[in-house]
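Here is a short briefing to read beside the model. It goes topic by topic.

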Amino acid sequence: MIRRAALIPAIAALALLSGCGAKVQSAMDPAGPEAGRIAGLMWFFIILVSVIFVVVMACVLYALFRGPRGIEQEPLERTHAPSTATEEKLTRNVTAATVATVVILFGLLVASVVTGRAISSLGTAKNGITVEVTGNQWWWYVRYPNDIAQWTVVTANEIHIPVGRPVQIRGTSNDVIHSFWVPNLNGKIDLIPSRVTERWIQADRPGRFRGQCAEFCGLQHAHMALWVIADPPDKFQAWMNAQLQAPQPPGDPELQRGQQVFLNHACVYCHTIGGTSAMASVGPDLTHFGSRSTIAAGTLPNTKGNLGGWITDPQNVKPGNHMAVVDIKADELQPLIDYLESLK
Amino acid sequence: MTLPMEPAVRDIDVERERENLKRAWSSPGGIWGWLSVTTHHAIGMRYIVTAFIFLLAGGVEAFLMRLQLSRPDNTFLSPDKYNQLFTMHGTTMMFLFAVPVMEGMGVYLVPLMLGTRNVAFPRLNAFGYYMYLAGGIFLYWGLFSNSGPDAGWFAYTPLSGPMYSAGKRVDVWAQMITFTEISAMCVAAELIATILKMRAPGMSLNRIPLFCWSMLVQSWMVLFAMPAVMIASTVFLLNDRTIGTHFVNPAEGGDPLLYQHVFWFFGHPEVYIIFIPALGMISSIVDTDTRRAIFGYPAMVLSVVATAFIGFGLWVHHMFATGLPQIGEAYFTAASMMIGITSGVQIFCWIVTIWTGRVRWSAAMHFVLGFFFIFVAGGLTGIILAAIPLDLQVHDTFFVVAHFHYVLIGGALFPLFGGFHHWFPKFTGRMIDERIGKVTFWLLFVGFNLTFFPMHLLGLYGMTRRIYTYGSEMGWDHGNALATAGASIIAVGGILFIINVFVSRKSGALAGANPLDSGTLEWATTSPPEPFNFVLLPVATSRYPLWTLPKERLAVTGVRSDRREVLVTTVMDAEPRHRYPLPHSSIWPFISALLIAIALTGSVFAFGWYYIGFIVAAIGLIGWFWPWRRREARS
């Protein structure tokens with residue numbers, strides 16, 4: 001009866017854990033080999049420690065509610081300790097429990113180290129690609145390096161990867177320490193200024209996987225998200241080709257006006273748009289801004305309405321962020337939005 | 001009046017001894033006298049009361065954060081306020097509540113348990129308390145003047161550095177550390193000296209009460225750990241910020257990971273500095289409330305000592321995500337898991353003690369049982385965190401928040417509340433209301449699990465720490481709503497505890513010297529103890545001197561009662577060596593602390609205060625050690 005009562009919270013915990021289908025980012029819903037191995041190890045640990053918890057609690061309850069057998073003859077009021085025979089029996093029990101603890105912990109240590117080794121060996125595959133991620137307060141600079149300079153792609157807050165290929169994330173930071181974490185794909189890696197750290201990720205199924213900065217980095221730590229978009233290889237290649245294409249000067253007069261608004265305002269002091277005179281690198285590269293799904297590092301969906309609100313008052317949605325308020329007149333705003341959204 | 005516990009001693013006029021001692025240990029009245037007090041009960045109780053006030057402050061901060069997180073996209077707190085609150089919450093709980101309250105319990109109880117009259121360095125004790133108080137006031141003055149620290153209680157560089165944290169906020173944090181570390185070092189030094197050299201005759205190392213053992217081990221840990229945080233916060237961070245030293249500034253070739261190493265070399269032992277005294281409290285409660293000696297005394301002592309040693313070898317498990325080489329990391333996994341062995345041994349020993357004892361269902365015992373439930377759960381999630389692949393997923397998520405609240409609230413706060421209920425009769429002379437104590441326990445226990453259990457799941461579902469808000473699409477609503485509801489229950493339990501303490505202190509039943517029939521020496525004197533603790537210094541004939549028959553109890557004679565004199569005994573076997581006069585009460589510890597506090601505060605604002613600090617510190621110490629002619633010497 002007592003044991004069953006103690007099992008209820010453990011079962012409830014497991015039930016809650018397994019019902020995790022609908023979570024946006026979850027370590028328990030792996031989409032790649034690294035996260036898969038970790039989730040497997042996690043389940044092993046959770047089940048084992050739950051059993052240990054139940055056993056220990058059962059022992060506590062048994063110790064409390066059993067009759068004081070075996071020591072009635074020895075009134076504790078006088079001696080305050082049971083007989084030597086009882087104490088010896090207890091010593092054997094405690095020793096056995098301690099030995100069991102050591103054995104279990106050693107098993108868990110081996111399981112942990114073996115899994116760690118297996119995960120790090122995944123990264124040595126030959127067909128891997130490298131993505132450089134640089135943390136900034138509060139957005140992600142993303143670069144696909146290539147020996148040929150024109151084939152290098154720069155984007156922000158979105159990482160496209162091909163399904164089934166290992167991807168090496170090489171991380172650093174421009175300001176404070178951030179941490180790159182996409183739970184469905186792998187554990188986190190800190191992005192540390194003056195250092196380069198790396199972590200391999202791989203997606204085995206197409207999908208959109210959310211990540212979030214995991215190291216406290218200041219006022220807008222809460223709004224520093226990114227998306228990893230895993231596509232089949234051909235779709236990934238198509239995306240890559242689109243990113244490599246130099247943007248055409250807009251033909252539409254309204255869009256031309258929008259471009260002029262951008263180039264004539266303070267926007268150019270922070271942002272780059274390929275093929276124009278805007279070449280600053282303080283803020284995210286906007287060359288293919290229209291192809292991205294979110295703005296402000298995963299804070300808002302990339303719609304014209306949200307973009308208008310963001311440009312007009314960036315401190316409203318993301319107070320404290322480093323985007324300046326630029327004085328854009330009412331009749332200039334719509335062309336600017338249309339122009340930015342046309343940058344596919 | 002002769003206490004029932006006191007042995008019948010022939011040829012000594014006990015009443016005259018008592019009168020002499022009263023005169024020798026009296027302190028001047030008034031505010032001046034109140035600030036001059038150096039008896040360990042007064043200072044210990046001031047630590048405890050001050051720490052509980054900071055617990056209340058830290059609790060309010062936590063509750064405000066829970067309100068902000070109770071629903072998605074909440075705008076109750078701005079990110080700036082939220083960041084200040086979580087920094088203040090962590091800093092308050094670690095530096096202004098948990099460590100000082102354990103030190104306060106130690107300062108109050110250790111001399112009583114050892115059968116002596118005061119701590120070894122009474123004035124240092126008073127000085128330490130005033131430094132702590134000044135540090136706490138300094139930090140909250142910062143918060144209320146919009147300079148509350150906002151870079152986290154760990155203040156990682158470069159975020160906390162001059163580039164990214166302008167203003168005085170982080171300076172206030174770093175200098176507050178200086179205050180509280182000075183205080184902690186003072187207590188550690190005096191407790192080590194007291195426990196090793198001032199035990200009752202006969203109290204050899206294998207008879208020291210387990211609580212005193214844990215305070216001894218904790219004090220050694222303080223001596224080794226606290227200098228590390230002073231290097232991190234004062235030498236590295238504060239100097240980088242105020243005089244541009246670039247120790248940990250990556251922009252100038254400094255290393256931010258160096259800061260993390262040094263900080264966590266302190267930071268992890270800090271957890272055991274909080275938790276080890278709590279283990280001693282559990283032993284005190286369990287032996288009294290099961291009517292039997294703790295099983296496996298040598299194993300208990302060795303486990304605590306081993307925990308302290310291992311505790312210095314696993315700081316890197318806070319840094320697994322920084323990308324350190326794998327071979328070294330495996331070592332830290334193994335070391336972290338070893339804590340499971342030393343904790344396990346102690347848990348097993350308590351379980352078999354209860355198994356073969358006669359349990360008294362006191363409020364204190366309820367808190368001990370709550371400790372078993374919560375701490376074992378927290379320890380087991382700690383094993384998960386020690387495994388690197390798992391840690392890389394849950395590090396810096398709410399899973400970790402859940403884990404360390406399980407180990408710190410379960411492992412330290414519940415035992416502390418249990419200990420407070422247990423020793424309340426000794427502190428106040430009156431019994432605490434046990435029924436209300438049990439209701440308090442159930443409110444805290446249910447509220448705690450409701451608050452922190454869902455956080456495990458939130459962490460696995462990707463909710464990172466230290467975020468002031470989250471979107472509704474993340475699926476974190478229910479867990480957070482539940483956690484906030486649980487926090488309200490904790491708040492009700494806390495209020496009930498405060499009411500119970502005040503009502504019982506005023507109108508509880510009179511306790512007498514040893515109402516619970518405990519075995520250790522703190523129960524051998526009046527409740528509350530007189531300033532000199534014992535009329536005749538006791539002799540320890542066993543681990544539980546009060547559980548021996550009265551006719552077997554012995555007392556020390558030949559120590560002067562007309563001045564503040566104690567007996568110094570040998571380290572191993574506690575054989576009497578010589579008599580040692582303790583200093584009289586003095587205002588100088590307070591004045592020294594005040595002058596140094598002013599200098600430390602000023603040095604945050606202008607470098608010149610360093611020079612002023614040297615001068616005023618010298619003034620304070622000269623006054624302190626000046627051979628003033630004493631009143632009692634004349635009379």
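**Helix packing in chain B**

Helix α11 (residues 363–386) of chain B packs against helix α14 (residues 434–460) of chain B at an angle of about 10 degrees, and their axes are 9 Å apart. α11(B) is therefore roughly parallel to α14(B). The model is a predicted one.

- On the α11(B) side, the contact residues are Ala363(B), His366(B), Phe367(B), Gly370(B), Ile374(B) and Thr381(B).
- They meet Glu434(B), Gly437(B), Lys438(B), Phe441(B), Phe445(B), Phe448(B) and His456(B) in α14(B).
- By type, the residues of this contact between α11(B) and α14(B) are six nonpolar, five polar and two charged.

**Helix packing in chain A**

- Helix α2 (residues 33–65) of chain A and helix α4 (residues 84–122) of chain A cross at roughly 170 degrees, with axes that come within 9 Å.
- That angle is over 145 degrees, so α2(A) counts as roughly antiparallel to α4(A).
- α2(A) contributes Pro33(A), Glu34(A), Arg37(A), Leu41(A), Phe44(A) and Phe45(A) to the contact.
- α4(A) answers with Leu108(A), Ala111(A), Ser112(A), Thr115(A), Ala118(A), Ile119(A) and Leu122(A).
- The residues of the contact of α2(A) with α4(A) split into nine nonpolar, two polar and two charged.

**A three-strand sheet in chain A**

- Three strands of chain A form an open sheet in the order β4-β10-β9, with mixed pairing.
- β4 (158–162) and β9 (207–212) of chain A are the edge strands. Each has a single partner strand, so one side of each lacks a neighbour in the sheet.
- On average, neighbouring strands of this sheet are turned by 25 degrees against each other, direction ignored.
- β4(A) and strand β10 (residues 225–231) of chain A run parallel and are joined by five bridges.
- Glu158(A) has Trp227(A) in β10(A) as its bridge partner.
- Helix α5 (residues 233–244) of chain A packs on the sheet and touches β4 and β10 of chain A. The direction of α5(A) makes about 135 degrees with that of β4(A).

**Where chain A meets chain B**

- The contact involves 71 residues of chain A and 73 residues of chain B.
- On the chain A side, α1 (2–18), α2, α4 and β7 (189–191) each supply at least two residues.
- α4(A) gives the most to that side, with 17 residues.
- The residues of chain A's side divide into 46 nonpolar, 20 polar and five charged.

Definitions and conventions. Residues numbered from 1 in each chain as written. Chains lettered and ligands numbered in written order. Predicted model: local features only at pLDDT ≥ 70, side-chain atom pairs only at ≥ 80, totals over all residues. Axes fitted to C-alpha atoms, helices over the stretch in contact; angles between N-to-C directions. Helix = DSSP H or I, 4+ residues; strand = E, 2+ residues; numbered from the N terminus. Parallel < 35°, antiparallel > 145°, perpendicular 65-115°, else oblique. Contact = placed C-beta atoms within 7 Å. Nonpolar A, V, L, I, M, F, W, Y, C, P; charged D, E, K, R; others polar. Pairing = 2+ DSSP bridges.
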